[in-house]
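Please look over the model first.

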Amino acid sequence: MDVRNALIDFIGSFLMAFVVITGVTYLWNLIFHGAGAADWETSLALAIILGIALAWSRARERQKRGKGN
């Protein structure tokens, strides 16, 4: 596995997940609790988990594709 590609995948997945999760928690709190506040702790934790999982998944897919050809 190429470390550079894995790191780029992690950063891209992390940033995308962080922005989406932060927006969702902000809207959830605004609609259901009347307070427009994002849950930063949950957003950060989920973004890290999804960043690792998606980067690992892409690396495995890339590895299978390379061995299959």
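A residue counts as buried under 20% relative accessible area, as exposed over 50%, and as partly exposed in between. By that scale Leu30 is partly exposed, because its relative accessible area is 39%. Keep in mind that this is a predicted model.

**Aromatic pairs**

- The structure contains 4 aromatic pairs.
- Phe10 and Phe14 make a stacked pair, with 5.9 Å centre to centre and 25 degrees between the planes.
- The angle explains the label: planes under 30 degrees apart count as stacked.
- Both Phe10 and Phe14 belong to helix 1 (residues 3–33). They sit 4 residues apart, about one turn of the helix.
- Trp28 and Phe32 make a tilted pair, at 4.3 Å centre to centre and 45 degrees between the planes.
- Trp28 and Phe32 are about one helical turn apart, because 4 residues separate them in helix 1.
- Phe32 is exposed, since its relative accessible area is 54%.
- A cluster of Phe10, Phe14, Phe18 and Trp40 is linked by ring pairs.

**Nonpolar surface patch**

- Which residues form a nonpolar patch on the surface? They are Tyr26, Leu27, Trp28, Leu30, Ile31 and Phe32.
- Together these residues have about 660 Å² of accessible area.
- Patch members need over 30% relative accessible area. Leu30, at 39%, is therefore above that cut-off.
- Phe32, at 54%, is therefore above it too.
- Leu30 is located in helix 1.

**Ser13**

- Ser13 is placed in helix 1.
- Is Ser13 buried or exposed? Ser13 is buried, because its relative accessible area is 3%.
- A polar atom of the Ser13 side chain lies 2.9 Å from the backbone oxygen of Asp9.
- The Ser13 side chain also makes a polar contact with the side chain of Arg58, at 2.8 Å.
- Leaving aside residues up to four places away in sequence, Ser13 touches Leu50, Gly51, Leu54 and Arg58.

**Ser57**

- Ser57 is found in helix 2 (residues 40–68).
- Ser57 counts as partly exposed because its relative accessibility is 37%.
- How many residues apart in sequence are Ser57 and Ile11? The answer is 46. In space, Ser57 and Ile11 are 14 Å apart, C-alpha to C-alpha.

Definitions and conventions. Residues numbered from 1 in each chain as written. Predicted model: local features only at pLDDT ≥ 70, side-chain atom pairs only at ≥ 80, totals over all residues. Heavy atoms only, no water. Phe/Tyr/Trp six-rings, centres within 6.5 Å; stacked < 30°, edge-to-face > 60°. Helix = DSSP H or I, 4+ residues; strand = E, 2+ residues; numbered from the N terminus. Buried < 20%, exposed > 50% of the residue type's maximum accessible area, 1.4 Å probe, protein only. Patch = residues over 30% accessible without salt bridge, like charges linked within 9 Å, V, L, I, M, F, W, Y side chains within 5 Å. Areas by Shrake-Rupley, 256 points an atom, 1.4 Å probe, with all protein chains shown as cover. Salt bridge = Lys/Arg side-chain N within 4 Å of Asp/Glu carboxyl O. Polar contact = N/O pair within 3.5 Å; in protein donor to acceptor, adjacent residues only side chain to side chain. Contact = heavy atoms within 4.5 Å.
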